[in-house]
Amino acid sequence: MDPLNCSTPRETLEQVSVLLGCSPTSAEVASYLDKHDKLRHLRENFLVPKMADLPPSDLSLVDGSNECIYLVGNSLGLQPKMTRKYLEEELDKWAKMGAHGHTEGSRPWAWAENNIEAVMAHIVGAKPEEVALMNGLTVNLHLLMLSFYKPTAARHKILLEDKAFPSDHYAVESQIRLRGFDPQQSMLQLSPRPGEETLRTEDILQLIEKEGDSIAMVMFSGVQYYTGQLFNMAAITEAGQRKGCFVGFDCAHAVGNAELKLHDWGVDFACWCSYKYLNSGAGGLGGAFVHEKHKDTIKPALLGWWGHDLKTRFKMNNVLELQPGVSGFRLSNQPILLVCPLQASLQVFNMTSMQELRRKSLLLTGYLEYLIQQFYTEDSKQPRKPHVRIITPSDPLQRGCQLSLSFSVPIRKVFQELEKRGVACDMREPSVLRIAPVPLYNTFSDVHTFIQTLGAVLAADE
C-alpha cells in the first residue's frame with residue numbers, strides 16, 4: 001500500500017510509521033511526508049521570517065538564524081519573493097516615464113488588475129467576467145449589498161451567523177438602517193446549539209426553510225474566522241434561492257484555502273480580501289464576484305468611471321457605457337502598488353491547482369489534528385494536566401486548513417511563550433489559538449515542531 005494514497009490522514013500516518021519503523025508521532029514521519037510532498041518547492045517562492053526578526057522572540061530560547069514556525073497565514077500570508085521586484089519595476093517606471101506608465105509596460109496602470117483576474121477567477125471557481133479585483137473587502141460588501149439587498153415590508157431580514165466577523169456584522173447592521181429598518185428586527189443571527197461551538201448544516205437549512213419568506217438575503221462566511229468551520233456553500237445557496245433569497249458569501253477565510261465553485265454553485269455574489277491565504281500584503285486589493293446570471297439585471301447603486309467600458313472610458317463624454325455584471329461595480333483605477341504583490345502571489349497559485357493544494361491541506365491539517373489528539377486530549381487520570389480541545393469540525397469537508405484550539409489553561413501566557421520560541425500564531429480571547437498550516441508554504445515539520453514547542457510550554461506551566 002502506498003501510504004500517501006490512504007483515505008484518511010490517520011491511515012497515512014500509521015502506514016508511514018510502519019514503513020519507517022517508528023511512532024506516528026516521530027519527527028521521522030514529518031520528514032518523510034516533507035520529502036514526498038509534491039508541492040514542497042512552492043515554499044521557495046516566499047520569504048519566511050527568521051526567528052531573530054520576530055519582535056517577541058527570546059534568543060536565549062531559540063536559534064535566531066532559523067526560520068520561524070509561521071502558522072498565521074490565516075491573518076497575514078507570507079510575502080512572495082517576486083513582490084519586491086514587481087514593485088520596483090513600477091516605481092522605476094513611474095520615475096522614468098511618469099504618466100506614460102498608465103498605458104506602457106507589462107502592467108499598464110490603467111488596466112493592470114485585468115491582467116490577473118483570470119487567475120483569480122480560477123481560484124474561486126468563476127468565469128473571468130464574473131470577477132473584479134478592486135477596493136477592500138468591506139467596501140465591496142457594501143457595494144454589493146446596495147444592489148442585492150432589496151428589503152420590503154414582508155421580506156427584509158438578513159441571515160448571518162452569530163458572531164460573524166465584526167466588519168460583516170457592522171456592514172449588515174448599517175445596510176439595514178440605511179433602508180429604514182431596525183437591525184433588532186431585521187438581523188437574523190443563527191447561533192450553535194447549546195453546548196456546541198459550530199453550526200450544523202441542517203440547522204442552517206431548516207432556519208432558511210422556516211424563515212425564508214421573510215429573508216431578503218443570506219450572507220454567511222465561507223469559512224468562519226473564529227471556529228474555522230467551512231460552510232456548505234452549495235447547500236446554503238440552493239436552500240436560500242429556493243425560498244427567493246439572494247445568497248452571498250464573505251470568502252475572506254475561504255479563498256486560496258478551500259476549493260470554491262462560486263459559478264457552479266450558483267452563488268449570487270461574494271467578496272474577499274487577498275492578504276490572508278492570497279498573500280498580497282496587509283490591506284491588499286480585494287475581490288468581488290457577481291454570477292453571470294445577474295449581468296443584465298443587477299446594476300450597481302453607486303457609479304464611478306471605472307465601471308465604464310474600457311474601450312470608450314477615456315473619451316470622457318459623461319455618457320455611461322456601463323460594463324455588465326461585476327465589472328460595472330468598479331469605481332476607480334486600482335492602486336498599481338497593490339496589484340504587484342497580488343500578481344506575485346497569484347503566479348505561485350498558477351504553478352499548481354486548488355485541487356492539489358486542498359489535497360495537501362487535508363493531510364497537513366489532519367496531521368496537526370492527529371498530534372493534538374495524541375498529546376493533549378483531556379485525561380481523566382491526570383485532571384490537572386493542561387489539555388486542548390479542537391473546536392473546528394473534525395469532518396475535513398467542514399473545515400479549511402485552520403484548527404481553532406481551545407485550552408484548559410489561560411491562553412495569553414501560552415501564546416506569549418510560543419511567540420518567545422519563534423512560533424507565529426494567532427490568539428483569540430478567552431481561550432483560543434487559531435493555527436493555520438498553509439499548504440502553499442508550510443511543512444509537516446513545521447507542524448511537528450509546533451507540537452513539540454507547545455509541549456514544552458505547557459509542561460513549564462504545570
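**Strand pairing and a buried glutamate in a predicted model**

β9 and strand β10 (residues 287-290) pair in the antiparallel sense over four bridges, where pairing requires that DSSP finds at least two bridges between two strands. This is a predicted model, in which local features need pLDDT of at least 70, side-chain atom pairs count only at pLDDT 80 or more, and totals for chains, interfaces and linings use all residues. Residues are numbered from 1 along each chain as its sequence is written, and side-chain values use heavy atoms, with hydrogens and water left out.

Me: Which residue of β10 stands opposite A270?
Reply: The strands β9 and β10 are antiparallel and share four bridges, strands being DSSP runs of E with at least two residues, and helices runs of H or I with at least four, both numbered from the N terminus. Within this pairing, the residue of β10 that stands opposite A270 is F289.

Me: Which residues of strand β9 are buried on each side?
Reply: Buried means under 20% relative accessible area, exposed over 50%, and partly exposed in between, with a 1.4 Å probe and protein chains only. Both faces of β9 (residues 269-272) are covered, with F269 and C271 buried on one side and, on the other, A270 and W272.

Me: Why does E130 count as buried?
Reply: E130 is placed in the loop between α4 (117-124) and β4 (131-133). E130 counts as buried because its relative accessibility is 0%.

Me: What percentage of contacts between residues at least 6 apart in sequence join residues at least 24 apart?
Reply: The protein chain holds 14 helices and 15 strands, and 55% of its 462 residues count as buried. Among contacts between residues at least 6 apart, the share that joins residues at least 24 apart is 69%.

Terms used: Contact means heavy atoms within 4.5 Å.
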